[in-house]
Amino acid sequence: MQLATKEPEHRIDARGNAAREVIGVSFRLNNPRQRLPYLVERKANPVFQFAEALWYLAGRRDLEMIGYYAPSMRSYSADGIHLGGSAYGHTLFGPAHKGRSRFDLVTELLLNEPDSKRGYLPVFSPAELADRSNPDVACLAGLHLLPRDGHLNMVCNMRANDLDCGLLSDVFSFTMIQEYAAIQLGLRLGTYTHTIGSAHVNDHNAERVRRVLDEAASGPVVNFPFPAMPLDTAPTTIEHLLVHEEALRTNELRYTAQHIQTRLGLHPYWQQVVLLFELYRQIQHDQVDTVDPALLHALDPGLRWLMTRKWPACAA
Ligand code: 5HM
């Protein structure tokens, strides 16, 4: 990050975005579960992070769901209904060969030969370049799953990454996909390696990035342990969660913390996500000045820390 702001290798202006760039950047997370930064200058939005991860895991590409959590994504949709290349879950979990997805093919391969080097999930497709006006060309080239010594390691290859806007949510969602894949393969979570071709910061974000870096460097660093995804997480878990997600997104239902904790039949890990969706429903649909404090109280301390900083109605 420091490189792209203080000592850029290049100045680029692709598609009207003036940016500073460094070519060929990579880093590794030894504990990919610690996927969220706790910084006041770069307020992560856990509601969006979980919504995006679930949208991917469910193989979706509809703007209706993801646009509710990130209205800015509407501008990436060519038809106002679907996302294109950035609907990574649709590419990974949708049918690819005789009704089986890329994810199915790779997990079947790795169950039979864990040492394989072939467990690659390609995402970027050359066909995306055929239309010069395509607003949404996949930034993710592919994800490489490498089971070794009982752990599932993953290498992520990105053709391009916006270090201010894209990186945070990409690392969150891809490590969630990694953890989900580890569970399906009966493995423990290994390392996560992120590689970027064009690592850049848009000029209009450079000042904020400088403030984020100053905060990270000056400390004290706030951190909260992120719990492990339950080992029984399966496609049906994602479907079940998304039934509640939709009911809250469309304002058809409203939940109390107690209802979420006692009536939905969800593991406490996933209850946290429904608590976030209900909080967001209160902010978006009820437009409350202050959210229900019982919901905030029921959140894990790390998620509460982020929500109270991100949303004024949670801080009141
Ligand atoms: O012109 P281009 O298609 O490269 O612009 C896409 C921009 O979105 C780039 O700045 C890219 O780095 C950023 N991006 C990202 O960082 C986009 C997506 C969605 O595919 C992403 N991460 N996941």
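Entry 1: I began with β2 and strand β8 (residues 188-202), which pair in the antiparallel sense over 10 bridges. For my own reference, strands are DSSP runs of E with at least two residues, helices are runs of H or I with at least four, and both are numbered from the N terminus. Two strands pair if DSSP finds at least two bridges between them. I looked up V22 and found its bridge partner in β8, A199.

**Entry 2: ground rules.** I noted that residues are numbered from 1 along each chain as its sequence is written. This is a predicted model, where local features need pLDDT of at least 70, side-chain atom pairs count only at pLDDT 80 or more, and totals for chains, interfaces and linings use all residues.

**Entry 3: the hairpin.** Next I followed β2 (residues 19-29) to β1 (residues 10-12), its antiparallel partner over 3 bridges. I12 has A19 in β2 as its bridge partner. Between the two strands of this hairpin lie 6 residues, and R15 takes a positive phi near 50°.

**Entry 4: the ligand.** Which residues surround the ligand? I listed A14, R15, G85, S86, V137, A138, C139, A160, N161, D162, G166 and D170. A residue counts as near if its C-beta atom, placed from the backbone, lies within 6 Å of the molecule. I sorted the shell into 5 nonpolar, 4 polar and 3 charged residues.

**Entry 5: the wider stretch.** Over residues 7-217 I read 32% helix and 27% strand, with the end C-alpha atoms 17 Å apart.

Conventions: Nonpolar A, V, L, I, M, F, W, Y, C, P; charged D, E, K, R; others polar.
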